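Subject: Structure handover

Hi,

Here is the structure for you to look over. My notes follow below.

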Amino acid sequence: MYSSSSEPVQFERDCAAVMVPAGESVTLPAGTYGYITQALGGSYTVFVEGNLFRIAGKDADALGKEPPEPLQLDDNASDEQVEQLVWRQLRTCFDPEIPFNIVDLGLVYEVDLRHRDGGEREVGVKMTLTAPGCGMGEILVDDVRSKLEMIPTVTEADVELVFDPPWNRTMMSEAARLETGML
């Protein structure tokens with residue numbers, strides 16, 4: 001939520017946004033004033049007129065910020081190197097309300113890297129949510145998919161939302177449990 005450390009911002013252009021936690025897509029018009037409350041993983045959470053909105057990294061220029069640099073990978077990268085980049089990308093996916101990435105929150109259950117014809121790759125991910133009714137579920141799935149498909153040689157990311165086993169705080173990394181007080 002908004003705090004004294006939030007950065008004031010005025011939208012420089014009309015900008016696509018997603019209302020948090022409802023997940024509704026809206027357009028915030030140029031000239032709108034707000035406060036950046038979270039800037040993690042290349043996306044932004046902005047407080048505007050009593051509501052939170054998520055702004056994708058590709059729209060950072062609307063906030064006067066630089067969009068993330070394109071990912072690079074050697075042409076002859078091994079599966080191990082690609083998988084390392086997959087996990088690095090997953091660590092850039094954040095719930096807009098929780099300042100921890102989905103890996104440290106324990107939301108990623110499985111990653112499967114597969115080859116396609118022509119040297120291309122496909123990534124399969126099984127992940128969950130901290131609560132099954134979370135309105136941001138499809139937004140997080142789309143964020144994971146789009147960030148994984150930014151990886152050179154990855155032509156498709158199949159992200160499946162699962163609820164078995166149900167998420168619980170013991171799935172969080174020790175650092176995340178310590179930071180949130182959920183020891």
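Contact here means heavy atoms within 4.5 Å. Helices (H or I, at least four residues) and strands (E, at least two) are DSSP runs, numbered from the N terminus. This is a predicted model: local features need pLDDT of at least 70, side-chain atom pairs count only at pLDDT 80 or more, and totals for chains, interfaces and linings use all residues. Residues are numbered from 1 along each chain as its sequence is written, and side-chain values use heavy atoms, with hydrogens and water left out.

Start with Leu73. It sits in the loop between β6 and α1. Setting aside neighbours within four places in sequence, Leu73 contacts Val82, Leu85, Ile151, Pro152 and Thr153. Leu85 is twelve residues from Leu73 along the chain, and their C-alpha atoms are 8.7 Å apart.

Asp59 also lies in the loop between β6 (51-55) and α1. It counts as buried because its relative accessibility is 9%. Buried means under 20% relative accessible area, exposed over 50%, partly exposed in between (1.4 Å probe, protein chains only). Asp59 touches Arg13, Cys15 and Ala16, not counting residues up to four places away in sequence.

Now the cores. A nonpolar core is a set of buried Ala, Val, Leu, Ile, Met, Phe, Trp, Tyr and Cys residues joined through side-chain atoms within 4.5 Å. The largest has 30 residues, and Leu90 and Leu148 touch the most other members. Two or more residues each come from α1 (79-90), β7 (108-115), β8 (121-127), α2 (137-148) and β9 (154-161). Leu90 touches Leu148 itself, and also Asn101, Ile102, Val103, Val108, Val111 and Val144, not counting residues up to four places away in sequence. A second, separate core has 14 residues, including Ala17, Ile36, Val46 and Ala60.

α2 deserves a look. Its buried residues are Gly137, Ile139, Leu140, Val141, Asp143, Val144, Lys147 and Leu148. Their cover includes β2, β6, α1, β8 and β9.

Last, the largest pocket. On a 1 Å grid over the protein atoms alone, a pocket is an open set of points where a 1.4 Å probe fits, with protein on both sides within 12 Å along at least five of seven lines; lining residues have an atom within 4 Å of a point. Its volume, the space filled by probe spheres set on the points, is about 650 Å³. Of the 26 lining residues, Ala56, Gly57, Asp143, Ser146 and Lys147 are closest to the centre. α2 gives the largest share of the lining, five residues.
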